[in-house]
Amino acid sequence: MHFRKRLLASITLSLAFASALTCSTALAQKDWPTRSIQLEVPFAAGGPTDSIARLIAVPMGQYLGQTVVVENVPGAGGTIASTKVARAAPDGYTIYIHHIGMATASALYDKLSYDPLTSFEYIGQVADVPMVLMGRKDLPPNNFKELEAYIKANGAKVTMANAGPGAVSQLCGLLLQSRLGVKLTNIPYKGTGPALTDLLGGQVDLLCDQTTQIIPYIKDNRVKSYGTTTLKRLPAIPNVPTLSEQGLKGFEVKAWHGVYAPKGTPQAVLDKLNAALKFALNSPDVKKRLEDSSIDVVSMDKVTPKSLKTQLENEINAWGPIIRKANIPD
Ligand code: MLT
């Protein structure tokens, strides 16, 4: 009898504790966010991913009533940041923006310390960013045909910047080399922000970069533009031909972006983050800024966890064989 009483009391206590815990977790989720949220960026400050992150961070913060602070965690083509986010507390105070590199990393690295498909929660797609193959201002070739002849003649003497294995600049550069059957000297940076600085300074010959901040340099002829990585010309720079129309038929690389959170982030928090992302992408300022760089904000039906997950799965399946066939990395 005595034992039964004690057992009952202990069960009652456990149930009360569990219910208090559930209540406090629910309350914590209801009140979330009560402090600033960190938006991790896998590349250096001043680059394209950083710019998009900073652009959406402000309106997302306005929607959530807390500041969204951008933190750059560059290195190893984005995989250092992905590892960090995969291991972060799933409490909604760490979120992550990454591009196509989330899909290509598994084909580029023998071993990753996270699984792109299972280590994260999905919040939504953001934008599709086209790219342009550029040269330093005083590089001799004046168009893609001349560039092709120049790099075939000079091979490894030609330098090409990228943001490391997993970066979309590296993917673009190595696909280009694979299609032309040449091997250049590839120089990794912590992001294309610093790589662009070196291209403008003439320290490196070539860079394939996203349009996010290069349009003014292209328009001012501070770099040479050899072609876009899109199948159609870009509205912001209609005079720049596509690489596809200049002989590299079907050459297409786009840096699509998505926002993620660590696996296990509560659903109620993910829902609020998704609403905040939609709010940011509907902001006229954000739309204008992206459109000026010929960046397509995705339609709202793509700003969903389901759509981002499908996009990631499709892109892993699509790029894996292309990367292996192109023998990347070399
Ligand atoms: C960056 O933000 O630096 C880029 O997205 C790097 C890249 O992937 O090329």
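Where is Asn221 found? Keep that question in mind as you start. The model on your screen is predicted.

**Stop 1: Asn221**

Select Asn221. It is found in the loop between helix H8 (215–219) and strand S9 (223–228). Asn221 has a positive phi of about 55 degrees, although it is not a glycine.

**Stop 2: Pro33**

Now go to Pro33. This residue sits in the loop between helix H1 (2–31) and strand S1 (37–41). Show the backbone from Trp32 to Pro33. The peptide bond joining them is cis, and its omega is near 0 degrees.

**Stop 3: the two domains**

Next, colour by domain. Domain 1 covers 34–128 + 256–326, and domain 2 covers 131–246. On the domain 1 side, 27 residues take part in the contact, and on the domain 2 side, 24 residues do. How far apart are the C-alpha centres of domain 1 and domain 2? They lie 25 Å apart.

The area buried between domain 1 and domain 2 is about 1,900 Å². Carbon and sulfur atoms give 62% of that area. Now select Pro48, Leu108 and Ser294. Together they supply 26% of the area that domain 1 buries against domain 2, more than any other three residues.

**Stop 4: H2 against H10**

Two packed helices are described by the angle between their axes and the distance between the axes. Select helix H2 (residues 48–64) and helix H10 (residues 284–292). They pack at an angle of about 165 degrees, with their axes 10 Å apart. Angles over 145 degrees count as roughly antiparallel, so H2 is roughly antiparallel to H10. The crossing of H2 past H10 is left-handed.

Show the side chains. From H2, pick Ser51, Ile52, Leu55, Ile56 and Pro59. They meet Val286, Arg289 and Leu290 in H10. This contact of H2 with H10 is made up of 6 nonpolar residues, 1 polar and 1 charged.

**Stop 5: H4 against H11**

Finish with a second pair. Select helix H4 (residues 101–108) and helix H11 (residues 305–325). What is the angle at which H4 and H11 pack? It is about 40 degrees, and the axes are 8 Å apart. H4 and H11 are therefore oblique to each other. Turn the view to follow the crossing: H4 passes H11 in a right-handed one.

Now show the side chains again. H4 brings Met102, Ala103, Thr104, Ser106, Ala107 and Leu108 to the contact. Across from them in H11 are Leu312, Glu315, Ile316, Trp319, Gly320, Ile323 and Arg324. The residues of this contact of H4 with H11 split into 8 nonpolar, 3 polar and 2 charged. Leu108 was also part of Stop 3, as one of the three residues named there with Pro48 and Ser294.

Definitions and conventions
Residues are numbered from 1 along each chain as its sequence is written. This is a predicted model: local features need pLDDT of at least 70, side-chain atom pairs count only at pLDDT 80 or more; totals for chains, interfaces and linings use all residues. Side-chain values use heavy atoms; hydrogens and water are left out. Axes are lines fitted to C-alpha atoms, for helices over the stretch in contact, and angles run from 0 to 180 degrees between N-to-C directions. Helices (H or I, at least four residues) and strands (E, at least two) are DSSP runs, numbered from the N terminus. Angles under 35 degrees count as roughly parallel, over 145 as roughly antiparallel, 65 to 115 as roughly perpendicular and the rest as oblique. A crossing is left-handed if the near helix is turned anticlockwise from the far one by less than a right angle, and right-handed if clockwise. Contact means heavy atoms within 4.5 Å. Ala, Val, Leu, Ile, Met, Phe, Trp, Tyr, Cys and Pro count as nonpolar, Asp, Glu, Lys and Arg as charged, and the others, Gly among them, as polar. Domain bounds come from an automatic or database domain assignment. Buried area is the accessible area (1.4 Å probe) that two parts lose on being put together, summed over both.
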